[in-house]
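Here is a short briefing on one protein model. Please keep the sequence and the 3D view open while you read.

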Amino acid sequence: MNIPNTLTLIRFVLIPVFVYSFFYINNGNIYAAVVFLISGITDVLDGYIARHYNQITKVGILMDPLADKLMIITVLLSLWAKGVIPFFIILIVIIKEVTMIIGAFILYKRRDITIPANRFGKTATLLFYVAIIFSIFDWPYGLTLMIIALLLALVAFFIYSIEFRLYNKKQ
């Protein structure tokens, strides 16, 4: 258990903390937003530390994106439950993420490799974070930013799909 894996574990713990803050604390939007931002900061930190100090592990390769996906889906479900965003956004994100998790698992089992995040995926994630903060506070353009992030995520998914086919066909 190294520092990046510990940070990933912290992100898993922050998921129920976000839900509790968002739904059960009066004016919990601020606390929920802080928890969400801490999750994002720990994601950036664990990636930096893992690469910079050569602490990349198989556990981290698999658990880091899972923590991110679970946090994003939990936050989106929470926003939908409060009537902030429409369900179609969650549905598309869940289908995309589950498909990517299954594809990554298959590729990892068959070829012992993972496809790194592309710039569209990273940009989509950053924009999702901005859109979510806007949505938590009900600021203008939150839904517009969310839809743009969703479209970027779909572009990234299309690129991942092509890369998956290419890596999966290699002998």
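Phenylalanine 137 is partly exposed in this predicted model, because its relative accessibility of 28% falls between the 20% and 50% cut-offs. Tryptophan 139 has a relative accessible area of 43%, so this residue is partly exposed too.

**Aromatic rings**

- The structure holds eight aromatic pairs.
- Tyrosine 20 and tyrosine 24 form one of them, a tilted pair.
- Why are tyrosine 20 and tyrosine 24 separated by about one helical turn? They are four residues apart in helix α1, which covers residues 3–24.
- Tyrosine 24 counts as exposed, because its relative accessibility of 59% is over the 50% cut-off.
- Phenylalanine 137 and tryptophan 139 make a stacked pair. The ring centres lie 5.1 Å apart.
- One aromatic cluster is formed by Phe18, Tyr20, Phe22, Phe23 and Tyr24.
- Which residue lies over the face of phenylalanine 22? Lysine 82 does, at 4.1 Å from the ring centre.

**Helix α2 against helix α5**

- Helix α2 spans residues 29–52, and helix α5 spans residues 119–136.
- The two helices pack at an angle of about 170°, and their axes are 10 Å apart.
- Are α2 and α5 roughly parallel or roughly antiparallel? They are roughly antiparallel, because their angle is over 145 degrees.
- On the α2 side, the contact includes Asn29, Ala33, Phe36, Leu37, Ser39 and Gly40.
- On the α5 side, these residues meet Tyr129, Ile132, Ile133 and Ile136.
- By class, the contact has seven nonpolar residues, three polar residues and no charged residues.

**Positive phi in two loops**

- Asparagine 27 sits in the loop between α1 and α2. Its phi is near 55°, a positive value in a residue other than glycine.
- Asparagine 27 has 70% relative accessibility, which is over 50%, so this residue counts as exposed.
- Tyrosine 141 is in the loop between α5 and α6. Helix α6 covers 142–169.
- Tyrosine 141 is not a glycine, yet its phi is positive, at about 75°.
- Is tyrosine 141 buried or exposed? Its relative accessible area is 62%, so tyrosine 141 is exposed.

**Glycine 142**

- Glycine 142 lies in helix α6.
- Its relative accessibility is 5%, which is under 20%, so glycine 142 counts as buried.
- Which residues does glycine 142 touch, not counting those up to four places away in sequence? The contacts are Ala131, Phe134 and Ser135.
- Glycine 142 and valine 84 are 58 residues apart along the chain. Their C-alpha atoms are separated by 9.2 Å.

**Isoleucine 106**

- Isoleucine 106 is found in helix α4, which covers residues 87–111.
- Its relative accessible area is 28%, between 20% and 50%, so isoleucine 106 is partly exposed.
- Isoleucine 106 and aspartate 64 are 42 residues apart in sequence. In space they are 17 Å apart, C-alpha to C-alpha.

Conventions:
Residues are numbered from 1 along each chain as its sequence is written. This is a predicted model: local features need pLDDT of at least 70, side-chain atom pairs count only at pLDDT 80 or more; totals for chains, interfaces and linings use all residues. Side-chain values use heavy atoms; hydrogens and water are left out. Rings of Phe, Tyr and Trp (its six-membered ring) pair if their centres lie within 6.5 Å; planes under 30 degrees apart count as stacked, over 60 as edge-to-face and the rest as tilted. Buried means under 20% relative accessible area, exposed over 50%, partly exposed in between (1.4 Å probe, protein chains only). A charge sits over a ring if NZ of Lys or CZ of Arg is within 6 Å of the ring centre and within 35 degrees of the ring normal. Axes are lines fitted to C-alpha atoms, for helices over the stretch in contact, and angles run from 0 to 180 degrees between N-to-C directions. Angles under 35 degrees count as roughly parallel, over 145 as roughly antiparallel, 65 to 115 as roughly perpendicular and the rest as oblique. Contact means heavy atoms within 4.5 Å. Ala, Val, Leu, Ile, Met, Phe, Trp, Tyr, Cys and Pro count as nonpolar, Asp, Glu, Lys and Arg as charged, and the others, Gly among them, as polar.
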